[in-house]
Amino acid sequence: MRSVIDVPDLSLEELDQLMDTAEDIISHPDSYQDACRRKKLATLFFEPSTRTRLSFEAAMYELGGNVLSVTGANTSSAAKGESVADTAKTVSCYADIIAMRHPKEGAALVAANNATVPVINAGDGGHCHPTQTLADLLTIRREKGHFSGLTVGLCGDLKFGRTVHSLIHALCRYDNMHFVLISPEELKVPSYVKNDALKNKGIPYEQTTSLEEAIGSLDILYMTRVQRERFFNEEDYLRLRDSYILTPEKLRLARPDLCVMHPLPRVNEISVAVDKDPRACYFKQVLNGKYMRMALILMLLREAGTL
Ligand code: NCD
C-alpha cells in the first residue's frame, strides 16, 4: 500500500503531475466534485493544527468525499495508551485514507506500516511535512513559472522546522538550485538533512546568521516560526524567538520579484505590515495547499484501487 511519509516517496515526475492536477482542479473544480463520492478520509491529529487539518478536510469535501476526524491526543484512545500501530489498524477499518499528525518523529511511518489504507504524513515531530512542501512547490511554480536556477533563502528555526526539511528535499532535485540557510547557530539545519540533500549531491549552499546580508540575493525567502513546542527549555526559546523579523524596511533590500513565503502560523517573524506587499505569498500558499492535497488524495486512492 502506497503511503507518503516524506517528499522522497514521490518522484520528480509525480510532483509535476500533482501540480498539473492541482492546476486542473483550479481551472475545472466542477469536474472533481464527485471524484471521491462515498470515500472517507480520516484526519488523526495528535498535535495542534489549523491549516493542515482543515485543508485536508476541505480537500476531501471538495472531492465529494466525507471526513472522520480525531483532534487532540486527549480525546482518542491514544490517551488510554493505544499504540500508533493499533490506531492505524483500527482506523483502516473505517476510512479509505488517513492523514496523520503526531508529535513523535517516525509516527507516520509506523502508521503506514500497519494501516491497510494509504497514510499521508501531516507532520511528524520535528522531522518532515511533505504536504506543506506540495503547497510550497505549487506556490513557487505559480509565482516563478519554473524551478531551475533559483536562489532560495530559508530563515528561522531550520533545526526543528519540519517544513524546511521537506522543502529542501524537494527543491534539491531541480537544476541549479542554490540555498542560503539563515539561522541562529543553535537552530541550523540538522546534518542528516544537509548531508542527504545538499552535501552528497554537491548542491551549493551557504550558512549565515544575517537576514539583511542575504536578502538581496534571493528569489525566494521562506520564513519560519521558532518551534517553541520542540524546545527543552523556555529560556532558550525566549532568547531565540525574535531572531528574525521581516519588516517593510528589510524588504527594501530585496529584489522586486522576491517571493516571500511562510508555512504559517506566523508569530512575530513577519510583521503584519508586510502582508500588503505584493511579494507576500504566504496566504496564497494556504490555498495552494488545499488543491495539492486534493491532487494527492486522488493519486493515492487511484493507486490503491479505491477509485
Ligand atoms: C507548520 C508545521 O506544522 O510544521 N505549519 C503548517 O502545517 N502549515 C509550521 C509551523 O507550525 O511552524
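The legends below describe views of a predicted model of a protein with its ligand.

**View 1. Overall fold of the protein, with eleven helices and nine strands.** The C-alpha atoms fill a box of roughly 55 × 45 × 40 Å along the principal axes. The radius of gyration is 19 Å, which agrees with the value near 19 Å for a compact globule of 307 residues.

View 2. The ligand takes up the space of the largest pocket. Around the ligand stand Thr-52, Arg-101, His-129, Gln-132, Arg-162, Thr-163, Arg-225, Gln-227, Pro-263, Leu-264 and Pro-265. By class, this shell comprises five polar, three charged and three nonpolar residues.

**View 3. Polar side chains at the ligand: Thr-52, Gln-132 and Gln-227.** The side chain of Thr-52 places a polar atom 2.8 Å from an oxygen atom of the ligand. For Gln-227, an N or O atom of the side chain is 2.8 Å from a ligand oxygen atom. Gln-132 faces a nitrogen atom of the ligand instead, with a polar side-chain atom at 3.1 Å. Taken alone, the ligand exposes 320 Å², and the protein buries 94% of that area.

**View 4. Charged and nonpolar members of the shell.** The ligand's surroundings include Arg-101, Arg-162 and Arg-225, and the shell has three charged residues. Pro-263, Leu-264 and Pro-265 also belong to the surroundings of the ligand, in a shell with three nonpolar residues.

Terms used: Residues numbered from 1 in each chain as written. Predicted model: local features only at pLDDT ≥ 70, side-chain atom pairs only at ≥ 80, totals over all residues. Heavy atoms only, no water. Near = heavy atom within 4 Å. Polar contact = N/O pair within 3.5 Å; in protein donor to acceptor, adjacent residues only side chain to side chain. Areas by Shrake-Rupley, 256 points an atom, 1.4 Å probe, with all protein chains shown as cover. 1 Å grid on protein atoms, 1.4 Å probe; cavity = no way out; pocket = protein on both sides within 12 Å on 5 of 7 lines; lining within 4 Å. Sits in = over half its atoms within 2 Å of the grid points. Nonpolar A, V, L, I, M, F, W, Y, C, P; charged D, E, K, R; others polar. Helix = DSSP H or I, 4+ residues; strand = E, 2+ residues; numbered from the N terminus. Rg over C-alpha atoms; globule rule 2.2 N^0.38 Å.
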